[in-house]
Every structure is written in structure tokens, then in C-alpha cells.
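Here is a walk through one predicted model. Keep the structure in view while reading.

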Amino acid sequence: VDLSGSVELAFTPEDRAKLDRAEVADAISASGLAPALAMALLTPSANVTPDTAAARIAHAKALADICAAAGLPDVAADYATKNTDLETARAQLIAAKAEDGPEIVTAHPQGKPTGVGKTRAETIYDRRAGRT
């Protein structure tokens, strides 16, 4: 019994890990991240610690922004889990969009066929000559 008034708690490594996970979960919950991103950061493979939680949350928000701008918001969670750096994610998103590419329409737009309703030089001369 220590009568000095201080209480020392001894945590096992398992207890410390549970406390760290709870601290990370609290930070993520308070961050306002979209559910998919929050779940991505809570997975063990994301390896988010109390020391890295704030930076990882900010990073996940930035990833969500660039993925949404690219029209691919669903891939942000995967990038967040893997802690993919922003430049790599941006390059991959640009490449993915380039593969899809813009839709190229090779057909003529539906409208009047060429020549119909237009006055040709011959028609003007025929009218002047009174042939029509």
C-alpha cells in the first residue's frame, strides 16, 4: 500500500491498446467524417494511433475532397485506409478519369440534312432568270 497519495495504475499492453482504440474512435467520431471514411480509419489495417489521429482525419477529409472532385467519391475510403498520399491519389484519379475519357460522339447531330433548306447559288440564278 502506497500512502503517499499517488495512485499508479498498471495497464497491460492489451489494456493500453483498447484505451488507444477508444481514444482514436472518439476523435474520429467527433471529426464529422462521412461514415465510410470513419469506418475506414477505424479498421486495424489503417493503423491509426492517438498520436496520428488528427493528421489522418485531416488527410481523409482531403482525400474525400479530391475523390469527390474527380467524380469518384467511393474510392476515398480505400485511399484513407491505405494512407495513400494526396499526390499519388490525385495521379491515380486523373489516370482513371482519362481511361474513361470524355464521350466522343462520331455521329452527326440529328437535324436538317446538309443542303436542305439552304439556298444554293444555282437556285438564286434560276430565280433571277425566272426559271422557277
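**Helix packing and the core**

Start with the pair α1 and α3, whose crossing is right-handed. Their axes lie 10 Å apart, and the packing angle is about 35°. On the α1 side, Ala-27, Ile-28 and Ser-31 make the contact. By class, the contact of α1 with α3 has four nonpolar residues, one polar and one charged.

Now follow Ile-28. Leaving aside residues up to four places away in sequence, Ile-28 touches Leu-33, Ala-38, Leu-41, Leu-42 and Ile-57.

Next comes α2, which spans residues 35–42. Which residues of α2 are buried? They are Leu-37, Ala-38, Ala-40 and Leu-41. These four cover an arc of only 160° around the axis, so they fall on the same side of α2. The other side of α2 holds exposed residues: Pro-35, Ala-36 and Met-39. The cover over the buried residues of α2 includes α1 (13–31), α3 (53–69) and α4 (76–82).

Finally, turn to the core. The largest nonpolar core has 22 residues. Within this core, Ile-28, Leu-33, Leu-37 and Leu-41 have the most contacts. Two or more residues come from each of α1, α2, α3, α4 and α5 (86–100). The most come from α3, which gives six residues.

Conventions
Residues numbered from 1 in each chain as written. Predicted model: local features only at pLDDT ≥ 70, side-chain atom pairs only at ≥ 80, totals over all residues. Heavy atoms only, no water. Buried < 20%, exposed > 50% of the residue type's maximum accessible area, 1.4 Å probe, protein only. Arc of directions from axis to C-beta. Contact = heavy atoms within 4.5 Å. Core = buried A, V, L, I, M, F, W, Y, C linked by side-chain atoms within 4.5 Å. Axes fitted to C-alpha atoms, helices over the stretch in contact; angles between N-to-C directions. Left-handed = near helix turned anticlockwise from the far one by under 90°. Nonpolar A, V, L, I, M, F, W, Y, C, P; charged D, E, K, R; others polar.
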